[in-house]
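Hi everyone, thanks for coming. I'd like to walk you through one model today, so let me put it up on the screen.

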Amino acid sequence: MSRKAQRLVFLLLGMAALGGATALVLSALGGSLVFFYTPSQLERHPAAAAERVRIGGLVEEKSVKRDGTSVTFRITDGKTDIKVSYRGVLPDLFREGQGVVAEGRLLPNGSFHATQILAKHNATYMPRWVAKELAKHDKNLESAAAGPPPNHFHLALRP
Amino acid sequence: MIRRFLIPSQFLGLSAKLLPWLSSFAALLIAIGLYLALFVVPPDYQQGDTVRIMYVHVPSAWMALNVYLFLAVASAVSLVWRQPLADIAAQAAAPIGAAFTFVCLVSGSLWGRPMWGTWWVWDARLTSVLVLFFLYLGYIALVDAFDDPSRGARAASVLAVVGVINLPIIKFSVDWWNTLHQPASVLRLGAPTIYLSMLIPLLVMAVGFTLLFAALLLLRMRTLLFERRARALRLHSPAAAAARRELVGAPSEVLLRGASKGDR
């Protein structure tokens, strides 16, 4: 084997070993690399009262209640929802039906006290008139099928 | 063609011809892209005018990844085939890639503040891009960390090749883990989730940034080649040879003088 071929084989073997090691590390880390938990995950593995956690999901429609600078709303992942209270400035993207991440503590009464609210973007970009057209189209569908409105703004929430 | 490109002297001739074309097309496309992004693109239905940050943020993020891939491939070629031009290409690319990564991080931070409500979070996507920035800085530092330039180049090349592991982690971080950063809108399975009139300026900017990278790369490679030539000329000139002779003679004299001083 020429020296070039030797170096090439060495490089490829090294990369394969490194890739394998990284894959093992990442699969072992798996769940602990998440930025937030969904309400269902929190229900299954409740955090200790003193533990700071982040929960993420959609702001439930018609759940936002403002009182001065305080606000309460519910975060849902479609299966479970949790009541969140927060006092402070909300990000621009915070609105009903949109993704949100709340950081704070779980209170004994089962509700969540947030110290920071982060809005999550849904990776969809369109002009306003397109969004209006889509909404009109959805309303037509809704009246035709009389079912629940389709949710365009789903998050990739995984257990 | 490729073989010819690999010979430094011919690379200089060819790159001199290519450079004006590459730089003018890059300037043209970036000017068109910025005009479209700032004045033509309609405000986003959710983000309003803030969405215009995307036209700098996303292309620089793509370039940060692509330039690193280029850096790693050039480093591998230089490690295996000892191709001198590959080494020069890698060293020329690193600061450009670092600059794209820096622009990506800063523009992302400026975008995150109004939209997410924070300048920075330690989620998997943001953290892995920060690691990419440090990989670039590490490469640049390592090249010059040895007295022997060829040893520095080899150590840095190994770092560049090892760091390639980070690229799939960055790309798929938003799919593998819950992150605050949104998943991919363009390079994904299925149709892009950006409306066409907003997507086209993004692609114009991406091509413009790619040409800008090519132009800066050729420019920096030429500079590095000239620098090496100048160094070689300095080392082999008659004056340098004379200076070396004197230097070789000097230490013993200095030592002797020092020793005699110490004795007294």
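Some housekeeping. This is a predicted model, where local features need pLDDT of at least 70, side-chain atom pairs count only at pLDDT 80 or more, and totals for chains, interfaces and linings use all residues. Residues are numbered from 1 along each chain as its sequence is written, chains are lettered from A and ligands numbered from 1 in the order in which they are written, and side-chain values use heavy atoms, leaving out hydrogens and water.

How confident is the predictor overall? Chain A has a mean pLDDT of 79, with 83% of its residues at 70 or more. For chain B the average is 87, and 91% of the residues score at least 70. The complex gets an ipTM of 0.75 and a pTM of 0.83. Helices here are DSSP runs of H or I, at least four residues, and strands are runs of E, at least two, numbered from the N terminus.

Now chain A itself. An automatic or database assignment divides chain A into domain 1 (1–32) and domain 2 (35–145). Taken over C-alpha atoms, the centres of the two domains are 41 Å apart.

Which side chains meet in a salt bridge at 3.3 Å, N to O? They are A:E103 and A:R54; the rule asks for a side-chain nitrogen of Lys or Arg within 4 Å of a carboxyl oxygen of Asp or Glu. A:E103 lies in strand β5 (residues 99–106) of chain A and A:R54 in strand β1 (residues 53–59), so the pair ties together parts that are 49 residues apart in sequence. Over all chains the count is 5 salt bridges.

On to the interface. Here 43 residues of chain B are in contact with 40 residues of chain A. Together the chains bury about 3700 Å², 62% of it on carbon and sulfur atoms; that is accessible area (1.4 Å probe) lost on being put together, summed over both. B:Y45, B:Q46 and B:N178 supply 22% of the area that chain B buries against chain A, more than any other three residues.

And how many salt bridges are there between chain B and chain A? The count is 0. On the side of chain B that touches chain A, α3(B) gives the most, with 5 residues. That side divides into 27 nonpolar, 12 polar and 4 charged residues, where Ala, Val, Leu, Ile, Met, Phe, Trp, Tyr, Cys and Pro count as nonpolar, Asp, Glu, Lys and Arg as charged, and the others, Gly among them, as polar.

How values were computed. Contact means heavy atoms within 4.5 Å. Buried area is the accessible area (1.4 Å probe) that two parts lose on being put together, summed over both. pLDDT is the predictor's confidence in each residue, from 0 to 100.
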